[in-house]
Amino acid sequence: MEDKNYVSVIFDDEEPMLKAVAKIRESNQKIMDVFTPFHVHGLDKALGMKRTRIPIAGLICGAFGGLFGFLFQAWVFTVDYPLVFGGKPYLSVPSFIPVTFELTVLFTALGIVAALLIRSGLKPSKKFEPVHPRITDDRFVILVETEQNEKSTRETLQSMLSGVSNVEIV
Amino acid sequence: MLQSPIRIPLIKGNKTYRDVTDDILRPMANKPGKFWYLGIALSGSAMLLGAFMIFWTIWHGIGTWGLNRTIGWGWGITNFVWWIGIGHAGTFISAILLLFRQKWRTSINRSAEAMTIFAVICAMLFPIIHMGRPLLGFFIFPYPNFRGLWVNFNSPLVWDVFAISTYFTVSLVFWYVGLIPDIGTVRDRIKSKFKKTIYTVLSFGWKGSARHWHRHEVVTMILAALAAPLVLSVHSIVSMDFATSVIPGWHTTIFPPYFVAGAIFSGFAMVLTLMIITRKALHLEDYITVGHVESMNKVIIATGSIVGLAYITEMFISWYSGVEYEHFALVNRATGPYWWAYWIMMTANVISPQLLWFKKLRTSLTFTFCLSIVINIGMWFERFVIVVTSLHRDYLTSSWAMYKPTIVEVGLFLGTLGLFFTAFFLFIRVFPVIAIAEVKSVLKSSGEKNPKK
């Protein structure tokens, strides 16, 4: 416990937690992370989080998928093996649209999910230590970084959050 | 948080966050009851029957089916379209209703998405078995081969391969991304050490960090935005398998929207069938309320009316186009040897959902349950009518024929029903049937009261 460089502030509801986040940030304490059982709306803003760039990853993957799908079909039917089907031109763009669309969707979807897992470091691993055993149930935890020593941070937090109900500082 | 005094609560009985976790995980923690064993025994046997019929078909060939030279597509394709259609409701609930910010979807989206995946698996079986030589099934993918040929990208059947495999992959990924936080909840709750290890691996180390939630939310929204046009494209492409041919009764431009509406219609019927049983069996009445059932019934009225309108439009166009073959195909559907199939379809799909205009009926669970079965049957007959009656009397009078399924085809259909329900029975044992985290996120705004501390 000695080398612990953070204090956890535990709540049982998201509204006091959101207020506390604002207070802690105002007092220039550093919040390492917040853990919640579900996506609390407004928490991203309260923490001053930058918007994730995953959509850009999706755009790149999707553009690649779409281009690849279309160009592959075009190459197959104009260069590699031109064959007349139903009297249509070799480069019959309208009938390439469905496959192009499907590949765009497929690449985007797989791309953003891969980006989510990689950026968040989520992977199937056997070892896992939660911050709090009820974090996926009904507890909301703010981890505050301790600057000099743990005790003083805890005292500052205690005085700061004295008005908030049901708060536990560990 | 603001609470609307007008709307009825989506989650009944003043729940705390902990109650939500407990209630939804309870069916997983308890030992399965008598009905579960009975159910899985029944559906498992049906699945085995289906497996045997698949073996029989592959061993002896497609000749074991009732198909002939005139009617090359029978129950196999009927079942394929039916199952794909059923899958569509899950994506509709999880993607389109998410984009429209419909909070009631949170109670049903998880199981509806699971249903989608199982239904698409059932659907995919049919084209593969129908090939007769499924071992050569990989021919449908464009891969460099010694013949130097590629698949025909102008063909809707090839589009289908791409559409359905993309649909399956994206649905699976979407479902699993949504499941990760809830698997985390299971992992932190479960007692058995062995199971805990498995759920730890499956949860991908989810720890509920705000940053992860932020990304998770963004990814979910994009996946929904992708899945929405995807689901519309899938059944449109399935309908083009028919619409791009020159068979009277198939060759119609109305098919794509008509098939999509029909798919969502039949899918919601299947969701209702499953949900009404599930809520009772797993005691989730507080989460899947009569309000949820009513909302789904409203979707059924809307899509059912679109389907009815499409049927009527088909009638009008077959007359207005002045094409005598089209005209004959329609008259033959309604009054020919398969008239009974047409009228079952009309009664079940056009007339019966209109009963839901009565509030008393659409809030009655018994009635909704019976109606959902009727619609499932009706939508199966719709596909049967489209496939078989359009084919059985073609341009050449000398080749007119009749079609009757053999025991093998019936067994195959029962087998997929068995597969579907077996998968669903297993699903309710291993994963939370309701999206726990999502229900918690709407609990404050849509619960009966602010949860007690």
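**A walk through chains A and B**

Let's start with chain A, which is divided into two domains: domain 1, made of residues 6-37 + 135-169, and domain 2, covering 54-119. Keep in mind as you look that this is a predicted model. The centres of domain 1 of chain A and domain 2 of chain A, taken over C-alpha atoms, are separated by 48 Å.

Now turn to the place where the chains touch. Chain A brings 56 residues to this contact, and chain B brings 51 residues. On the side of chain B that touches chain A, at least two residues each come from helix 1 (17-29), helix 5 (156-189), helix 6 (193-202), helix 7 (210-243) and helix 15 (436-446) of chain B. Helix 7 of chain B gives the most, with 16 residues. Sorted by class, this side of chain B has 24 nonpolar, 19 polar and eight charged residues.

Two of these helices also meet each other, so let's follow them. The axes of helix 5 of chain B and helix 7 of chain B come within 9 Å and cross at roughly 150 degrees. Angles over 145 degrees count as roughly antiparallel, and therefore helix 5 and helix 7 of chain B are roughly antiparallel to each other. Their crossing is left-handed.

Key. Residues are numbered from 1 along each chain as its sequence is written. Chains are lettered from A and ligands numbered from 1 in the order in which they are written. This is a predicted model: local features need pLDDT of at least 70, side-chain atom pairs count only at pLDDT 80 or more; totals for chains, interfaces and linings use all residues. Domain bounds come from an automatic or database domain assignment. Two residues are in contact if their C-beta atoms, placed from the backbone, lie within 7 Å. Helices (H or I, at least four residues) and strands (E, at least two) are DSSP runs, numbered from the N terminus. Ala, Val, Leu, Ile, Met, Phe, Trp, Tyr, Cys and Pro count as nonpolar, Asp, Glu, Lys and Arg as charged, and the others, Gly among them, as polar. Axes are lines fitted to C-alpha atoms, for helices over the stretch in contact, and angles run from 0 to 180 degrees between N-to-C directions. Angles under 35 degrees count as roughly parallel, over 145 as roughly antiparallel, 65 to 115 as roughly perpendicular and the rest as oblique. A crossing is left-handed if the near helix is turned anticlockwise from the far one by less than a right angle, and right-handed if clockwise.
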